[in-house]
Amino acid sequence: MPPLPKPPPVERNAQGEMRRVGVELEFAGLSVDRTVELLQDAYGGEAEKIDAHRTLLHHEEWGETTVELDLQYVHGNAGREDDPDGSGTLFGDLELPEGWRGPLGEALTGLVPVEIVFPPIPWSRLGDLDDVFALLRRHGALGTRESALYAFGLHLNVEVATGAPEEILHVLQSYMLRSESLRDAVAVDITRRILPHTAHFPESYARKVLAADYPADLEVMIDDYLLMNPTRNRELDMLPLFAHLAPDRVRSRTKDVLIKPRPTYHYRLPNADLGDPTWSAVTEWNRWVTVEELAADSSRLEEAIAGFRAATEASFPGRLRRLFGVE
């Protein structure tokens with residue numbers, strides 16, 4: 001029997017609604033068009049083709065699902081609402097000619113994953129995606145373990161409970177303390193460990209945020225985050241949340257147009273383990289909930305932070321820092 005979603009400590013958001021989770025799944029073995037065809041045949045919906053390698057599937061019950069090749073170069077940018085002149089492409093003000101994008105995407109399909117970005121659903125309904133994953137698996141979708149080249153992931157965009165600075169700080173602190181345990185539980189694929197997509201937070205940043213006097217101040221958190229790790233490539237990417245809460249502050253410090261503001265914790269660590277029929281989005285959600293459980297238990301969190309600080313100071317680098325008076 002598949003696992004059931006574990007209730008988080010705070011089940012509802014500030015508006016009293018069940019908190020939602022957006023799921024992003026990467027895989028190979030199927031093209032964008034074939035994936036859309038399978039979803040339409042099984043669940044209905046109306047397809048809107050945006051370009052050769054990106055299609056929106058509009059469903060009366062689900063909402064809008066994006067199916068795309070996960071490579072920005074093969075998608076057009078000019079005319080986008082947030083980038084009308086195309087200046088935010090990965091090549092700066094250079095955009096690949098339209099005639100190049102389709103063939104490039106076809107050539108790279110199989111190496112670059114297809115990604116399904118599901119619309120946010122209540123956490124209690126994450127098990128609904130099990131049938132979708134099984135459908136993809138039956139028709140040849142390949143996950144992380146099927147090739148050493150497949151550094152594919154499943155991302156969870158977990159809606160914040162309140163969005164208060166205290167909540168955000170405690171979740172970030174809890175995640176840093178749970179990071180190694182989560183990596184062991186997920187058994188992060190070796191290729192994904194080598195590539196930067198799910199990198200650890202720098203130790204210097206972890207020590208700063210886990211200091212006893214670190215303030216629950218949104219501006220301080222954003223400034224420190226962008227100063228010490230200004231990248232989306234973190235196991236827990238906080239930039240979408242920070243960009244949602246303080247867009248001007250984030251945009252003044254980074255020009256990365258791939259940051260999508262939203263009131264969520266962007267959890268990037270899990271593999272896309274489609275080769276395992278017992279695996280699901282619920283598996284990874286239940287692991288995430290352990291982060292929120294620690295964050296919500298102030299006494300456990302304080303004890304864990306104290307243990308981290310003691311272990312850090314007892315280490316050889318910690319002794320050197322004390323010897324030379326370096327924080």
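Tutor: A residue is called buried under 20% relative accessible area, exposed over 50%, and partly exposed in between (1.4 Å probe, protein chains only). The model is predicted, so local features need pLDDT of at least 70 and side-chain atom pairs count only at pLDDT 80 or more, while totals for chains, interfaces and linings use all residues. Residues are numbered from 1 along each chain as its sequence is written, and side-chain values use heavy atoms, with hydrogens and water left out.

Student: How many salt bridges are counted here?

Tutor: Side chains of opposite charge can pair when their charged atoms come close. The rule requires a side-chain nitrogen of Lys or Arg within 4 Å of a carboxyl oxygen of Asp or Glu. By this rule there are 16 salt bridges.

Student: Which residue forms a salt bridge with Arg125?

Tutor: Glu61 does, with the closest N and O atoms 3.4 Å apart. Helices (H or I, at least four residues) and strands (E, at least two) are DSSP runs numbered from the N terminus. Glu61 lies in the loop between strands S3 and S4, and Arg125 in the loop between strand S6 and helix H3, 64 residues apart. Glu61 is exposed at 57% relative accessible area, and Arg125 is partly exposed at 33%.

Student: Is Asp273 buried or exposed?

Tutor: Asp273 is buried, with a relative accessible area of 10%. Its salt bridge is with Arg145, at 2.9 Å from N to O. Arg145 is partly exposed at 41%.

Student: Which residues are joined with Glu219 into one network?

Tutor: Glu219 is in helix H7 and Arg249 in helix H9, 30 residues apart. Both are partly exposed, Glu219 at 47% and Arg249 at 23%. Salt bridges that share partners join Glu219, Asp223, Arg249 and Arg253 into one network.

Student: At what angle do the axes of H4 and H10 cross?

Tutor: Axes are lines fitted to C-alpha atoms, for helices over the stretch in contact, and angles run from 0 to 180 degrees between N-to-C directions. The axes of H4 and H10 come within 8 Å and cross at roughly 145°. Contact means heavy atoms within 4.5 Å; among the residues making it are Leu177 and Leu182 of H4, and Trp288 and Leu294 of H10.
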